[in-house]
Every structure is written in structure tokens, then in C-alpha cells.
Amino acid sequence: MIVTDKISDVRNIIKEQKLSGKKIGLVPTMGYLHEGHLSLVRIAKKHSNFVAVSIFVNPIQFGPNEDFDRYPRDLKRDLKLLGKEGCDLVFAPSVHEMYPSELLTTVNVDKITDKLCGAFRPGHFKGVTTVVAKLFNIFTPDIAVFGQKDAQQVAVIKKMVEDLNFPVEIIKAPIVREVDGLAMSSRNVYLNPEERKAALILSKSLKEAEKLLLNGERNANTIIKKVNEVLNSEPLCKVQYVSCVHPDTLEDLTYIKDKALIAIACFIGTTRLIDNLLWGGNI
């Protein structure tokens with residue numbers, strides 16, 4: 001496994017691999033890897049024959065009162081995990097390497113970034129799309145894998161790729177959960193034991209939504225109301241939003257015809273957690 005913190009190294013390595021006929025797969029991450037991230041690497045290995053992972057805690061996607069400084073980091077541990085997965089290349093740049101001077105050029109996807117998490121984290125998705133566009137230009141991957149847990153991020157990146165004609169296929173990977181149902185997240189480390197137990201209310205609320213859907217309920221407001229009821233039954237849970245939207249356009253739904261995304265964001269103590277249920281369609 002090759003490890004570098006230099007853009008120039010990545011470009012030279014990728015050029016060599018492409019000349020030898022390799023198909024390049026990219027998994028962008030912010031590190032502090034868990035089984036969810038590793039599942040993305042395995043999916044990338046199935047769809048390509050040279051897998052690269054980026055590890056970069058991107059400052060421009062964090063708001064002024066968010067957790068950039070305390071976001072968990074452990075590069076040594078991450079490299080050990082990636083080595084076991086047979087990763088070919090790891091790019092772990094410094095902030096200066098990615099942003100060597102004042103950033104005057106950004107990439108912004110309109111409309112679909114104004115809702116769900118974007119409504120509460122202004123500028124977040126502009127930071128995400130800017131850094132992902134940079135990574136796509138650095139790696140020129142054939143495929144890139146993103147997790148369904150960040151469903152809005154997947155929709156935004158797909159739209160960016162479509163609008164800007166990036167020659168990369170975006171592959172969406174299913175949510176990976178702990179045995180008890182909690183969606184895996186690097187931020188779960190913030191939870192104390194009581195909060196960790198309380199956080200199960202997120203997946204519990206989505207299971208209730210799934211029950212309603214399986215029983216034929218298609219009224220989005222009825223489903224949203226039920227999810228809110230379940231979440232509000234947990235004293236440590238403060239609901240930020242519950243939405244039922246189309247998974248591609250993120251437009252609010254009143255009636256579910258074919259497919260839907262039930263997306264939630266909550267604070268458990270001071271930790272913001274997100275989760276979602278993708279229903280119907282080709283999932």
C-alpha cells in the first residue's frame with residue numbers, strides 16, 4: 001500500500017496505473033475509519049482494480065461552531081485497517097497541501113443543498129462539493145463510492161457530476177449498522193454510555209416508519225408524525241428535522257408513489273447524528 005501526502009505523487013501514481021490499464025476506484029473519507037468506511041473500500045475493489053482512499057478532515061465543510069478541531073483523527077490506526085483491506089493508495093494531505101493559498105474558487109450545487117442538513121449547516125455542502133471536485137481532479141477516478149448514510153451528500157455529488165460532466169460513476173453503498181441498529185459514524189465516539197443507548201432511538205424511529213410503509217401507508221405526513229413521536233419519546237433526543245423526500249431530487253413528498261427517503265437529524269446530548277431509510281425503487 002502506497003501512502004502519500006502529496007498531490008503530485010498521487011497524479012504520477014494514477015497516471016502509471018492508467019497506462020497499465022487499471023480502473024481507478026476512489027473512496028473519499030475524513031478518516032477515523034469504521035466498518036462503514038471499510039465496506040466502501042470493499043465495494044470499490046469489486047468495481048475497480050486499483051483502489052485509492054483519501055483521508056482529509058476538510059475544514060471548509062465545517063461551520064464556525066462545529067467540531068472541526070475535535071473531529072476524531074487516528075491516521076496510524078486508519079492505515080492499519082486499510083492495509084488489511086488491500087487498499088492500493090492512501091492520500092492523507094495536510095490542509096496546506098489541499099488549500100495552499102486563499103481559496104477563491106468553489107463549487108456549489110443549488111436548491112438540493114438548501115434543505116435537510118443543508119438548511120441547518122449553511123455552506124457545508126459547498127465545502128463538500130469543492131473538496132470532492134478537487135479530489136476528482138487529482139485522482140481522475142473511474143468510480144467513486146459514497147455511503148447512503150449521508151444520503152443528501154450522495155444526491156448532491158451525483159448532481160455535481162452530472163452538471164459538470166465529471167467522467168466518474170458514483171456508486172452508493174448501503175448503511176452499515178452496529179449490531180443494535182445504530183448507524184456507524186465517526187462521531188459516535190462522542191457519545192457517553194447513556195447517550196449511546198439513547199441514540200438507538202434513531203434507528204427505532206425508522207423501523208416504525210418502515211412498518212407503516214410495509215402496511216401500505218403512503219401519506220408522508222403520517223409517517224413523519226410517527227417518526228417524530230418515537231424520537232420525542234427519548235428525553236436525551238432533540239429532533240432537528242424529520243423529512244420525507246424523493247431520494248434523487250430531495251423534493252418534499254406528500255404522497256409516496258414509488259420511492260422515498262425518510263431522513264432524520266437529531267442531537268443526542270451535544271452530538272449531532274443523522275440516519276435515514278431508503279424505500280422503494282431500485283435500492
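This is a predicted model: local features need pLDDT of at least 70, side-chain atom pairs count only at pLDDT 80 or more; totals for chains, interfaces and linings use all residues.

Visitor: Where does H37 lie?

Guide: H37 is in helix 2, residues 35-47.

Visitor: And is H37 buried or exposed?

Guide: The cut-off for buried is under 20% relative accessible area. H37 has 13%, so it counts as buried.

Visitor: What does UniProt list for H37?

Guide: The UniProt entry, which is unreviewed, lists H37 under "active site". Such annotations may be inferred rather than shown by experiment.

Visitor: Next topic: how do I read a pair of packed helices?

Guide: Two packed helices are described by the angle between their axes and the distance between the axes. Take helix 6 (residues 124-139) and helix 7 (residues 151-164): they pack at about 55°, and their axes are 10 Å apart. The two helices are therefore oblique to each other.

Visitor: Which residues make that contact between helix 6 and helix 7?

Guide: Helix 6 brings F125, V128, T129, V132, A133 and F136, while helix 7 brings Q152, Q153, V156, I157, M160 and V161. Sorted by type, the residues of this contact are 9 nonpolar, 3 polar and no charged. The crossing of helix 6 and helix 7 is right-handed.

Visitor: At what angle do helix 9 and helix 10 pack?

Guide: Helix 9 (residues 200-214) and helix 10 (residues 220-232) pack at about 150°, with axes 9 Å apart. Angles over 145 degrees count as roughly antiparallel, so helix 9 is roughly antiparallel to helix 10. Helix 9 passes helix 10 in a right-handed crossing.

Visitor: What meets what between helix 9 and helix 10?

Guide: From helix 9 you have I201, L202, K204, S205, E208, A209, L212 and L213; from helix 10, T222, I223, K226, V227, V230 and L231. That contact divides into 9 nonpolar, 2 polar and 3 charged residues.

Visitor: Now the backbone. Which way does phi go at T140, positive or negative?

Guide: Positive: phi of T140 is near 40°, and T140 is not a glycine. You'll find T140 in the loop between helix 6 and strand 5 (143-147). With a relative accessible area of 35%, T140 is partly exposed.

Visitor: What about L250, buried or exposed?

Guide: L250 is buried, at a relative accessible area of 0%. L250 also has a positive phi, about 60°, although it is not a glycine. Look for L250 in the loop between strand 7 (237-245) and strand 8 (259-268).

Conventions:
Residues are numbered from 1 along each chain as its sequence is written. Side-chain values use heavy atoms; hydrogens and water are left out. Axes are lines fitted to C-alpha atoms, for helices over the stretch in contact, and angles run from 0 to 180 degrees between N-to-C directions. Helices (H or I, at least four residues) and strands (E, at least two) are DSSP runs, numbered from the N terminus. Angles under 35 degrees count as roughly parallel, over 145 as roughly antiparallel, 65 to 115 as roughly perpendicular and the rest as oblique. A crossing is left-handed if the near helix is turned anticlockwise from the far one by less than a right angle, and right-handed if clockwise. Contact means heavy atoms within 4.5 Å. Ala, Val, Leu, Ile, Met, Phe, Trp, Tyr, Cys and Pro count as nonpolar, Asp, Glu, Lys and Arg as charged, and the others, Gly among them, as polar. Buried means under 20% relative accessible area, exposed over 50%, partly exposed in between (1.4 Å probe, protein chains only).
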